[in-house]
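This report covers selected features of one protein model. It starts with a single side chain and then moves to the sheet, the nonpolar cores and the charged pairs.

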Amino acid sequence: MSRYTIAELEKLTGIRAGTIRIWERRYRIIKPHRTDTNRRWYDDEDLVRIINIAILHRHDVKISKIATMTGEEIAEQVALLTTETGDSDTQLDTLVVAMTSLNERYVNDILVRSIITRGFEVTFEQIVFPFLRRVGVMWQTGSVDIGSEHFITNIFRKRLIVATDSLPQSEDPARKRVLLFLPEREMHELGLLYFGFVIKKAGHDILYLGQTTPFNALTDAVERWNPDILVTGSLTGLPFERPEDFLGRLSSVFTTRKILVAGALAEVAARRKFTNIFAVTSRSDLKLHL
C-alpha cells in the first residue's frame with residue numbers, strides 16, 4: 001500500500017490541496033489517515049476515491065450529491081461515464097485507477113475506445129505519453145511502485161509492437177531504411193517503439209535494435225544493413241557523462257547517414273549543431289526528415 005501526502009495527491013489528481021481539505025471538512029467525503037504527529041496521509045483507496053470524485057465533479061455532478069453516494073455508487077457512475085466520454089482528462093484519471101488496481105482489462109478498454117475515436121497516433125500523443133509523464137511525477141514522489149509501473153508500461157509496449165507488426169511492408173522503390181536504437185544503459189523504449197510505428201506506417205523499412213545497444217553492435221548493424229537514417233534518443237537522465245561526446249562520435253563514425261535524436265539528446269543536438277544530426281521532438285518533426 002502506498003502512502004501519499006496531500007501535496008502528492010494534488011500533483012496526481014490535479015485537485016488543489018485546499019479543495020481536498022474543504023471536501024474533508026465540509027462534506028466528510030474522505031477521511032485522511034494521521035501520523036503520530038497528526039499529519040495527513042492517504043492510501044491507494046483514498047487516491048482512487050478522490051480521482052473518481054474529480055471525474056464526477058468534472059461532469060457537473062455536485063459535491064453535495066457525491067457526498068451522499070456510497071463508494072460503490074461513485075464507482076458505478078464513473079464506470080458509466082468512462083464508457084461514454086472521450087474526454088482526455090477523464091481517461092488519464094481512469095488510467096491511474098487502472099494502474100493502481102492492476103486492472104489490465106480496464107487499461108485495454110480505455111486504449112481501444114481512444115483508438116477508435118482518436119486514432120492510434122493521437123491516442124499515444126494525447127493519452128499514453130501524458131499519462132507516462134504523470135507516472136514520472138509519481139516516481140519522483142515515491143507514490144508508485146515498480147510493479148505497477150512495469151505492469152502498465154508493458155501493456156503500452158505490447159500495443160506498439162502488435163500495431164507495428166500488423167503494418168504491411170512497403171513496396172515503394174523510394175522507401176528508406178531506418179535503424180532505431182537506444183544508447184547503452186538506456187532502457188526507456190516506448191518513444192522509440194512509437195517512432196518505429198510512425199516510420200513503418202509512412203512506408204519505410206525499419207530495423208529495431210532497441211534498448212541499451214553497445215556501440216560496436218550498432219556499427220556492425222549499420223555495416224551489414226546499410227541504413228539511410230539512424231534514430232536514437234534518451235529519456236531524461238542521460239546514460240553518459242558528456243552527451244555531446246556521444247553525439248560527436250555518432251556524427252564522425254556515421255558521416256554519410258542522417259541521424260535523428262529525440263528526448264534529452266535532442267536538446268543537446270539543438271545546442272551543438274552537428275552537420276548530420278537533427279533534433280526530433282514530434283511526429284511531424286520525424287516525418288520531415290524521412
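## Glutamate 244

Glutamate 244 is buried, with a relative accessible area of 18%; here buried means under 20% relative accessible area, exposed over 50%, and partly exposed in between, with a 1.4 Å probe and protein chains only. The model is predicted, so local features need pLDDT of at least 70 and side-chain atom pairs count only at pLDDT 80 or more, while totals for chains, interfaces and linings use all residues. Residues are numbered from 1 along each chain as its sequence is written, and side-chain values use heavy atoms, leaving out hydrogens and water.

Glutamate 244 belongs to helix α12, residues 243-253. Helices (H or I, at least four residues) and strands (E, at least two) are DSSP runs numbered from the N terminus. With neighbours within four places in sequence set aside, glutamate 244 is in contact (heavy atoms within 4.5 Å) with Val268, Arg272 and Phe274. Glutamate 244 also forms a salt bridge with arginine 242, where the closest N and O atoms are 3.2 Å apart. A salt bridge is a side-chain nitrogen of Lys or Arg within 4 Å of a carboxyl oxygen of Asp or Glu. Arginine 242 is partly exposed, at a relative accessible area of 45%.

## The sheet

Five strands form an open sheet in the order β4-β3-β5-β6-β7, with parallel pairing; two strands pair if DSSP finds at least two bridges between them. The edges are β4 (205-210) and β7 (277-279); each has a single partner strand, so one side of each lacks a neighbour in the sheet. On average, neighbouring strands of this sheet are turned by 20° against each other, direction ignored. Axes are lines fitted to C-alpha atoms, for helices over the stretch in contact, and angles run from 0 to 180 degrees between N-to-C directions.

Strands β5 (residues 229-234) and β6 (residues 258-263) pair in the parallel sense over six bridges. Serine 234 stands opposite glycine 263 in β6. Helix α11 (residues 215-225) packs on the sheet and touches β3 (177-181), β4 and β5; the direction of α11 makes about 170° with that of β3.

## Nonpolar cores

A nonpolar core is a set of buried Ala, Val, Leu, Ile, Met, Phe, Trp, Tyr and Cys residues joined through side-chain atoms within 4.5 Å. The largest one has 66 residues, and those with the most contacts inside it are Val107, Phe124, Phe131, Ile152, Phe156, Phe195 and Val231. Helix α10 (residues 190-201) supplies the largest share of this core, eight residues.

A second, separate core has 19 residues, among them Leu230, Leu265, Ala269 and Phe274. Phe274 is also one of the contacts of glutamate 244.

## Salt bridges

The count of salt bridges is eleven. In one of them, arginine 134 pairs with aspartate 93, the closest N and O atoms being 2.9 Å apart. Arginine 134 lies in helix α8 (residues 120-141) and aspartate 93 in helix α6 (residues 88-100), so the pair ties together parts 41 residues apart in sequence. Both are buried: arginine 134 at 17% relative accessibility and aspartate 93 at 2%. A network of salt bridges links Arg58, Asp93 and Arg134.

Arginine 175 and aspartate 205 also meet in a salt bridge (2.9 Å, N to O). Arginine 175 is in the loop between α9 (146-166) and β3, and aspartate 205 is in strand β4, so this pair ties together parts 30 residues apart in sequence. Arginine 175 is partly exposed at 30% relative accessibility, whereas aspartate 205 is buried at 15%.
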